[in-house]
Amino acid sequence: MARSLSYVTSTQLLSLARNPRVAIVDVRDEERSYDPHIGGSLHFASETFSQKLPDLIQAVKGKDTLVFHCALSQVRGPTCARLFLDHLSESKEDMDIKNVMVLERGFNGWQHAGRPVCTCTDSPCKGTCS
C-alpha cells in the first residue's frame, strides 16, 4: 500500500488525538526531558530514531495513524516521518498504518496555540496530564 506524508494542524490533531488508533510521536531530542510534551505522546529521539525503529513498530501496533513532531516540525519531525514511511514500504510486516502525518508548526506551535501539554516525567507518558 502506497502511503504518503501529510500535515495536520494543531486543531485537527486535538480532535484526532481522542481516537485510540492515533499515536503521536515526539522526536525531539534532549529538550523532551525538560520541556513539556503532548500528553500520551511516544518519545523516540531523532538522534537515535533509526536504531529505535523496531521499538516504535512494537509501540504502535494496533494504530492506524501516526503524527510525528519535533519543536518546529521543519527538519526532525518530517525526516523521521519519512524514515518511518520508507521502513513501511520496505517491510514485509503487515502494518495497519494508513496515515503518516507531521504536526504543522511542531510542539512550539501546539503550545503557543494554547493546546494542552503535559509535564510528567513518565516514560512512556500515560496521557493523564492536565
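The model is a predicted one. It holds 3 salt bridges, and its largest pocket has a volume of about 300 Å³.

**Aspartate 64 and arginine 21**
- The side chains of these two residues, aspartate 64 and arginine 21, form a salt bridge with an N to O distance of 3.3 Å.
- Aspartate 64 sits in the loop between helix H2 (49–59) and strand S4 (65–69), while arginine 21 sits in the loop between helix H1 (10–16) and strand S2 (22–26), so the bridge ties together parts that are 43 residues apart in sequence.
- Aspartate 64 is buried, at 16% relative accessible area, whereas arginine 21 is partly exposed, at 32%.

**Aspartate 29 and arginine 76**
- Here, too, a salt bridge joins the side chains, aspartate 29 to arginine 76, at 3.3 Å from N to O.
- This pair links distant parts of the chain, 47 residues apart: aspartate 29 belongs to the loop between S2 and strand S3 (42–43), and arginine 76 to helix H3 (residues 76–90).
- Aspartate 29 is buried, with a relative accessible area of 12%, and arginine 76 is partly exposed, with 23%.

**Aspartate 26 and arginine 28**
- In the salt bridge between aspartate 26 and arginine 28, the closest N and O atoms are 2.7 Å apart.
- Aspartate 26 is buried, with a relative accessible area of 0%, and arginine 28 is buried as well, with 2%.

**The largest pocket**
- The lining of the largest pocket is made of 18 residues, and those nearest its centre are Arg32, His43, Thr121, Asp122 and Ser123.
- By type, the lining residues divide into 8 nonpolar, 7 polar and 3 charged.

Note on methods. Residues numbered from 1 in each chain as written. Predicted model: local features only at pLDDT ≥ 70, side-chain atom pairs only at ≥ 80, totals over all residues. Heavy atoms only, no water. 1 Å grid on protein atoms, 1.4 Å probe; cavity = no way out; pocket = protein on both sides within 12 Å on 5 of 7 lines; lining within 4 Å. Points joined across faces, edges and corners; volume = space filled by probe spheres on them. Nonpolar A, V, L, I, M, F, W, Y, C, P; charged D, E, K, R; others polar. Salt bridge = Lys/Arg side-chain N within 4 Å of Asp/Glu carboxyl O. Helix = DSSP H or I, 4+ residues; strand = E, 2+ residues; numbered from the N terminus. Buried < 20%, exposed > 50% of the residue type's maximum accessible area, 1.4 Å probe, protein only.
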